[in-house]
Amino acid sequence: MQGRAAERDQIDRMLDAAVDGASSTLLIHGEAGIGKTALLDYAAARASGMRVLRIDGLESETELAFAGLHQLFLPVMDLVDQLPGPQARALRAVFGLTDDTVRDRFVIGLAVLTMLAEAAGEGTLLCLVDDVQWLDRASVDALTFAARRLQVEGVVLIFAARDTAGVAGVVGLPTLPLAGLDEEAAAALVVDLPPYVRERILDEAQGNPLALRELSAALTPTQRAGQLSPLTLSAPSNRVLDAFQDQIRRLPEATRALLLMAAADDTGTLDLILRAAGATVGDLEPAERADLIVLTGGVLRFRHPLIRYAAYQGSPFAGRVAAHQAMAAVLVAPEHAHRRAWQLAAAATGPDDRVADELERVAVWAGGRQALASASAAYERAAQLTAEPEDRARRFIAAAQAAADAGQDERGGRLAAMVEVAAQDPGLAADLARVRAVVELGYGSPDVAGRILLDCANQIGPRRPDKLPALLVDALHAAFSSGNADLIAAVAAQAPAEPVLAVPGCLFAGDVPGALRALRPLVAARGRTDTGFMDRLMTGIYCHLTADDEAAYEIAAEAVDHCRDSGMGGWLPTALHLLARVELTLGQHDAASMHAAEGLRLAEGYDLAHRAAHLRAVLATLAAVRGEEEQARRLARDAMSYTQPRGIGRATADALWALGLLDLGLGRADAALQRFEAARAASGHPLFGVFLLPDLVEAAVRAGRPERAAEPVRLLDEWAETTGRPALAALAHRCRALTASDGEAEQHFGSAVRLHRAGSAVDQARTGLLYGEWLRRARRKLEARGHLRDALDTFTALGAEPWAHRARAELRASGDAAEPSLGGPLSRLSPQEREVVRLAATGATNREIAAQLFLSPRTVGHHLYRAFPKLGVTSRTDLATVLAS
């Protein structure tokens with residue numbers, strides 16, 4: 001460990017903190033041989049009294065779903081029985097112990113999180129993961145999911161990888177980059193050499209510890225004496241690889257053949273390797289003496305991954321093919337079916353339908369357990385080995401779909417582009433269009449995604465009418481995201497008799513009564529089992545758009561429940577976004593915050609950047625209402641950095657609305673007006689901008705620009721009258737009051753207050769604040785105080801500090817010196833404590849709360865332990881009473 005004092009200190013601090021219950025994660029990265037494994041060894045040696053679990057990624061296991069997790073948890077498999085039922089069933093399924101499928105990949109991540117906490121028990125756990133770049137993606141996803149949620153379990157999780165850019169899923173973890181050793185530390189590793197030779201070795205190795213050691217060991221006696229030929233400088237890993245290959249070439253032929261077989265193998269099982277090679281253990285003795293391999297307990301392990309690579313790549317192609325064929329021949333047991341398929345695929349030199357069929361079965365198994373990256377890889381290789389064009393196209397489409405579902409949008413697009421015959425088969429054409437649209441929506445433009453689907457519908461409609469509804473509803477969903485009314489109308493025109501298309505068809509043609517009539521049967525049918533999920537989701541969007549937020553809330557809540565019950569984890573962020581958006585409109589800010597935060601966690605976990613941007617805009621709005629300026633700006637900025645280049649108009653409008661609300665609450669009316677007008681323009685159609693008209697009107701009036709409020713007031717009046725929604729009518733009256741003469745203003749304020757009584761408490765409070773301000777300016781201070789006190793109480797309970805500040809100032813100006821009530825009990829808690837307490841108050845157990853919030857049960861218990869004193873309670877049974885008060 002020469003020259004690694006700072007790195008050792010960092011690991012020491014992590015291990016010491018674990019004794020006090022603090023969990024931590026670290027990703028060590030650097031080139032091959034730089035010392036990553038040595039630091040893991042140091043951590044293991046320092047972990048006195050800790051349970052240690054360790055795995056090494058193998059390049060040959062990269063496509064074997066959950067191979068890494070299986071290796072990690074094999075010593076503690078008895079703990080699976082202690083997991084919550086769904087998590088235990090998921091782990092048994094992914095380890096091949098049952099034939100169950102797994103509907104939601106996050107159940108696997110939660111199972112890993114709980115397993116780590118259970119493995120720590122009442123003590124501590126050190127978990128070491130080496131060569132992450134060669135770990136299968138399903139294991140990486142599950143482990144990093146858990147790593148990001150470790151808090152107080154006493155778990156230290158250290159990853160080591162060659163290059164973080166090449167390891168999908170590890171972004172965001174704390175990192176420790178390893179550079180070469182300094183000159184003094186490097187020189188200490190090179191001894192007993194003439195000065196000239198030592199200088200050449202130091203120059204070649206560039207501070208790489210493995211290169212220093214191996215290049216020195218590879219010197220011949222003549223070279224050690226100082227007779228070095230000119231060397232061509234190259235990367236240390238290449239020089240070390242050459243050194244390893246030189247060592248292997250000096251071994252007996254039988255030993256070299258065994259090393260090739262071991263390199264082609266992905267089990268490390270000595271018996272299998274010997275049987276495949278037709279050799280004896282004695283043939284390995286020269287390699288063991290040369291310190292190239294380690295034999296322990298019937299397991300063969302290469303001392304360094306580069307040795308495995310050297311043994312494999314240094315062999316002729318024909319030899320590698322023969323090795324894979326020999327390994328496949330001995331992998332006949334059912335538990336080796338997946339390994340056998342990949343060995344046969346590695347041995348294939350051309351199309352082979354038998355092997356392709358085996359790989360497709362592997363893909364189906366992996367997909368059924370949410371190992372989507374592994375499923376995609378298996379489908380892709382199966383397609384490459386398929387001779388028949390239509391089957392090849394089908395498998396490439398399946399590979400692209402699995403890649404997109406795994407968040408590998410760029411790879412999904414590349415796979416979709418490899419399909420050549422789909423246009424000749426309308427069914428395949430439809431499947432391909434939906435994949436291309438998912439990929440485009442994932443990291444491109446919703447407009448383009450919608451047009452891909454619409455164009456396909458036009459092409460295949462007469463031949464495959466059964467494929468049309470899904471194509472058109474997906475196209476409609478994409479068009480709504482962009483706010484492109486022309487595209488919405490074009491999609492709706494394809495099937496105007498279909499209610500789910502008739503609503504937007506009427507709505508954007510100006511026939512609002514017709515749209516409301518078409519919406520009624522959709523609302524009535526939402527609970528039927530024959531109603532598709534997308535139809536229900538669009539119905540909720542239509543209800544929210546037409547201000548029927550009570551129905552929208554019920555539909556959105558049902559959609560969330562359906563996603564949870566059906567394991568539709570990929571769609572859950574979308575359903576949560578709709579629910580949070582509706583709750584925001586209804587003034588249920590705490591619930592909206594909780595659901596939007598959950599949706600964002602899921603969207604980030606699924607790599608759904610598009611949906612994450614929508615959810616950040618909602619969270620930015622909630623932060624703006626609370627006056628959390630830095631948080632609101634960061635969330636809005638992050639949302640718009642994604643949405644603006646891609647033409648995602650509605651999310652852009654939401655983010656700008658958030659910034660406008662922030663400015664309005666903080667008294668910057670001119671800036672707020674500019675934000676609201678920009679948001680209205682970005683939304684894409686007047687209907688999509690109705691929600692921000694009341695704020696725009698208030699900003700215009702407060703900025704002294706009443707003329708810029710005239711059109712919004714008129715549009716809001718018309719929309720309220722056409723829809724007949726009391727909540728909209730209340731807002732329309734409030735806006736009329738702001739722009740009317742004093743003689744008319746009071747009448748409109750009175751109507752607004754009356755109509756608000758059954759609506760949003762937030763809207764009612766804001767109307768009360770404006771009415772109280774108007775009354776005070778009219779020197780009717782006593783009348784103003786009641787409205788202002790009610791508004792202040794609502795704003796204070798919500799934590800809406802900018803608005804509460806305005807209400808306090810108005811109360812003081814009205815002569816009311818009474819101190820406002822303090823915030824509710826939840827204001828004393830951190831955001832995560834709030835979420836835990838809310839769920840605990842419903843009677844949920846720690847394990848149930850942990851599953852919903854993606855935490856370990858121990859972390860949930862820790863948050864409750866901290867929250868109880870803040871709330872003045874001693875048990876869970878008191879929580880509901882405290883929260884209700």
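Colleague: Among contacts in the protein chain between residues at least 6 apart in sequence, what share joins residues at least 24 apart?

Modeller: This is a predicted model, in which local features need pLDDT of at least 70 and side-chain atom pairs count only at pLDDT 80 or more, while totals for chains, interfaces and linings use all residues. Residues are numbered from 1 along each chain as its sequence is written, and side-chain values use heavy atoms, with hydrogens and water left out. Contact means heavy atoms within 4.5 Å, and of the contacts between residues at least 6 apart in sequence, the share joining residues at least 24 apart is 67%.

Colleague: What is the radius of gyration of the protein chain?

Modeller: The protein chain has 46 helices and seven strands, taken as DSSP runs numbered from the N terminus (helices are H or I with at least four residues, strands E with at least two). The chain is as compact as a globular protein of its length, because the 29 Å that the globule rule gives for 885 residues is close to its radius of gyration.

Colleague: Is helix α18 roughly parallel or roughly antiparallel to helix α19?

Modeller: Axes are lines fitted to C-alpha atoms, for helices over the stretch in contact, and angles run from 0 to 180 degrees between N-to-C directions. Angles under 35 degrees count as roughly parallel, over 145 as roughly antiparallel, 65 to 115 as roughly perpendicular and the rest as oblique. Helix α18 (residues 353–367) packs against helix α19 (residues 372–384) with axes 8 Å apart and an angle of about 165°. The arrangement of α18 and α19 is therefore roughly antiparallel.

Colleague: How many residues in the contact of α18 with α19 are nonpolar?

Modeller: The contact involves residues including Leu359, Val362 and Ala363 of α18 and Leu372, Ala378 and Tyr379 of α19. Nonpolar covers Ala, Val, Leu, Ile, Met, Phe, Trp, Tyr, Cys and Pro, charged covers Asp, Glu, Lys and Arg, and the others, Gly among them, are polar. Beside two polar and two charged residues, the nonpolar ones number 11.

Colleague: How far apart in space are Ala378 and Val362, C-alpha to C-alpha?

Modeller: Ala378 lies in helix α19 and counts as buried because its relative accessibility is 0%. Leaving out residues up to four places away in sequence, Ala378 touches Trp342, Leu359, Val362 and Ala363. Although Ala378 and Val362 are 16 residues apart in sequence, their C-alpha separation is 6.6 Å.

Colleague: Is α22 roughly parallel or roughly antiparallel to α24?

Modeller: The axes of helix α22 (residues 426–443) and helix α24 (residues 468–482) come within 11 Å, crossing at roughly 15°. The relation of α22 to α24 is therefore roughly parallel.

Colleague: What is the relative accessible area of Thr114?

Modeller: Thr114 is found in helix α5 (residues 105–120). Apart from neighbours within four places in sequence, Thr114 is in contact with Leu83, Pro84, Gln87 and Pro857. Thr114 is buried, and its relative accessible area is 2%.

Key: Rg over C-alpha atoms; globule rule 2.2 N^0.38 Å. Buried < 20%, exposed > 50% of the residue type's maximum accessible area, 1.4 Å probe, protein only.
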